[in-house]
Amino acid sequence: MTACPSRQVFDVVVLGGGIAGAALAAQLAGDLRVALVEREPQLGYHTTGRSAAMYIPSYGGPAVQPLTAASRGFFEDPPCGFAGRLLSPRPVLHIARADQVERLEAFARKTAGAALRRLGREGALSRAPILRPQAVQSALLETGAGDLDVARLHGGMVRRAREAGAVILADAGRPDIVREGSRWRVRTRQASLIAPTLVNATGAWADETARDAGLAPKDLSPMLRTAILVDAPRELGFHDWPVVKDIDERFYFRPFGGRLLITPADETPSPPCDAAPDELDIACAMMRFHDAADHPVARIHHRWAGLRTFAADRAPVIGWSETAPGFFWLAGLGGFGIQTAPAVARLANALVRGRRAPQDLADHGVVSATYDPGRLGEAADPVIPPGRGPPVMADGPPGLPAY
């Protein structure tokens, strides 16, 4: 482990070591001096480390779907350092009771670009035999979905950033952030970091980070989601079952690590915190699951919760602050940060460097204005003078070895 001196100058300081911050640091490092700063002892401890690891092209709405589509190629054929393909096929079975069929049809119309196959009750039951017949009047099978290896994805991004020269500081605590002239100073437990560009990739803490930097928040909303693991059904072929998802998103269940993962797909407003499951949410998960599936649960092997953070319009927040020069938002990724990480990082990398979005992202329908923080409004800041856009990179010694 290499000690970090008390003061160092960088081009970019990225706050937040989850998938968004790590993926952007991997893009920026090499020709820029980059520091990746995580308040927790472990990078990716919160949302990234608790992901259900799904890639669902239809998920997230029109602002998220282009980013998901543009990320697929990376997952199927990642560069060296990721130990091979990151995406394993697993379809999603969207189910509807008799009273939900109209909503299933509306979903099919809205997601016409996704690979959807219509199934009747028997077709759905053959793919997930524990489903109760009354729980499925009609279904859609989304065949372009799959499982993502989150650990290899996140670990590979961190490794690429480190090998390109980024300094990685974990266990930094809540940083002290001060604007000094044309630069930001970020004081952590280990060091004082100076850079003209500060990236806010702190997930559920993004509004708190903005306040610490003297900016108005964006009214981002962390939402708690609960998950439990129970014994797998004994039916043959369980490992290859689809994700089974209620069309109203009241629950889903799926094979996960040799067991059955169940969630009530809850969205409970929460302050930023080390999220923990609530007994009522667990009870809700079990009730909704038993209404739809015939699989007695004798034991819950594991339970956890994570935070998914949304802007009011549910689109990610990616771009420069309109009032604070050098402050870049990379937040509000909701539950879609993993499946959009490669495209989000490339878009953010281009914007940080003052460039247009890469053409292949545009070809997938990614429009940077969709994610611009200015769409959400921001109160004028009394301390930081107005201005936006990529600042001139700092002068100073080269970046330090990672540790």
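In the predicted model, helix H2 is formed by residues 65-76. The distance from the first C-alpha of this twelve-residue helix to its last is 17 Å, close to the expected 16 Å. Six positions of H2 are listed here by name: Pro-66, Leu-67, Thr-68, Ala-70, Ser-71 and Phe-75 are its buried residues. The cover over these buried residues includes three strands, E4 (54-55), E5 (87-89) and E9 (146-148). Helices H5 (150-163), H8 (341-352) and H9 (359-363) also belong to that cover.

Helix H5 contains Leu-153. Leu-153 has a relative accessibility of 1% and therefore counts as buried, the limit being under 20%. Beyond its neighbours within four places in sequence, Leu-153 is in contact with Phe-74 and Phe-75, and also with Ile-19, Phe-82, Leu-86 and Ile-338. Pro-78 is 75 residues away from Leu-153 in sequence, but their C-alpha atoms are 9.2 Å apart in space.

In soluble globular proteins, nonpolar side chains tend to be buried together. The largest nonpolar core of the model has 52 residues, and the members touching the most others are Ile-318 and Leu-330. Helices H1 (19-28), H2, H5 and H8 each give two or more residues to this core, as do strands E2 (12-15), E3 (34-37), E21 (317-320) and E22 (327-331). When residues up to four places away in sequence are not counted, Ile-318 touches Phe-328, Trp-329 and Leu-330, together with Val-344, Leu-347, Ala-348 and Leu-351. Tyr-371, Asp-372 and Pro-373 are also touched by Ile-318.

Conventions: Residues numbered from 1 in each chain as written. Predicted model: local features only at pLDDT ≥ 70, side-chain atom pairs only at ≥ 80, totals over all residues. Heavy atoms only, no water. Helix = DSSP H or I, 4+ residues; strand = E, 2+ residues; numbered from the N terminus. Expected span 1.5 Å × (residues − 1). Buried < 20%, exposed > 50% of the residue type's maximum accessible area, 1.4 Å probe, protein only. Contact = heavy atoms within 4.5 Å. Core = buried A, V, L, I, M, F, W, Y, C linked by side-chain atoms within 4.5 Å.
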